[in-house]
Amino acid sequence: MTIFKKLPIILFVTCFLSTNLAADSAHFIDFSKVLNESTAGAKAQKFLKNKFVSDSKKFRNLEKKLLEEEREVIAKKKVLNKEEYQAKVGELRKKVAKLQKDKQKSLSNIAKLRASAKNQLLEKLKPILRTYMESRKIRLVIDKKEVLYGDQNLEITSDIISLLNKEVKELSLK
């Protein structure tokens, strides 16, 4: 008889938990898409690309000048005495080393700006995502690249991008 008294309680708890778990299923988001296609993320990408292109162009022009200078030094090798030639070659090597150092510094700076932009966007995304999760009673959001297979109805990327676009127009990069 005691089992018949416990059965309704067990059934009620089981039904309650199963409906609660169904409402709290995990959702997924494509963070790469959010970072690249949101308004702020796209502007940051464009800024970084333009900076890379302009720096690359500047360094190509400097490389051309150094190659021309190298040709001139080689052409004057027979005219100059050994010490003058060695001095010109040493000066040219210093310029090349400085160019390589500046090029590496520029690439490092762009990488730092990219990481900074990503961190800024993720920090601005956290409260938006938290609010979205609370309003929809979502308990878990997973990055899409970690999902092997999932129902497309559980993807929230486009919703989050539209909310992020309303909140964040651009990032501070300089």
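Mentor: What follows is a close look at one helix and then at other parts of the chain.

Keep in mind that this is a predicted model, in which local features need pLDDT of at least 70 and side-chain atom pairs count only at pLDDT 80 or more, while totals for chains, interfaces and linings use all residues. Residues are numbered from 1 along each chain as its sequence is written, and side-chain values use heavy atoms, with hydrogens and water left out.

The chain has five helices and two strands, where helices (H or I, at least four residues) and strands (E, at least two) are DSSP runs numbered from the N terminus. Read along the sequence, these elements follow the pattern α-β-α-α-α-β-α. The helix to look at is α5 (157-167).

Which residues of α5 are buried? They are Thr157, Ile160, Ile161, Leu164 and Asn165, and here buried means under 20% relative accessible area, exposed means over 50%, and partly exposed lies in between (1.4 Å probe, protein chains only). Seen down the axis of α5, these buried residues fall within an arc of 135°, so they line one face of the helix; the arc is that of the directions from the helix axis to the C-beta atoms. The C-alpha atom of Glu167 is separated by 8.4 Å from that of Ile128, although the two residues are 39 apart along the chain.

The buried residues of α5 pack against β1 (27-29), α2, α3 and α4.

Of its 24 residues, Ile156, Ile160, Leu164 and Leu171 touch the most other members. The elements that give two or more residues to this core are α2 (31-37), α3 (39-75), α4 (82-136) and α5, and the largest share, nine residues, comes from α4. Leu171 touches Ala40, Ala44, Ala117, Gln120, Leu121 and Lys124, again leaving out residues up to four places away in sequence.

Lys137, in the loop between α4 and β2 (141-143), is exposed with a relative accessible area of 58%, and its phi is near 55°, a positive value in a residue other than glycine. Asp143, in strand β2, counts as buried at 18% relative accessibility and touches Ile29, Asp30 and Phe31, not counting residues up to four places away in sequence. The C-alpha atoms of Asp143 and Phe31 are separated by 6.3 Å, while these residues are 112 apart along the chain.

Finally, consider the charged pairs. The structure holds ten salt bridges, each a side-chain nitrogen of Lys or Arg within 4 Å of a carboxyl oxygen of Asp or Glu. In one of them, Glu155 meets Lys144 (3.5 Å, N to O); both residues lie in the loop between β2 and α5, so the pair ties together parts that are eleven residues apart in sequence. Another joins Lys103 and Glu63 (2.7 Å, N to O), and this pair links distant parts of the chain, with Lys103 in helix α4 and Glu63 in helix α3, 40 residues apart. Lys126 and Glu123 also meet in a salt bridge (3.0 Å, N to O), but both lie in helix α4, three residues apart, about one turn of the helix.

Terms used: Core = buried A, V, L, I, M, F, W, Y, C linked by side-chain atoms within 4.5 Å. Contact = heavy atoms within 4.5 Å.
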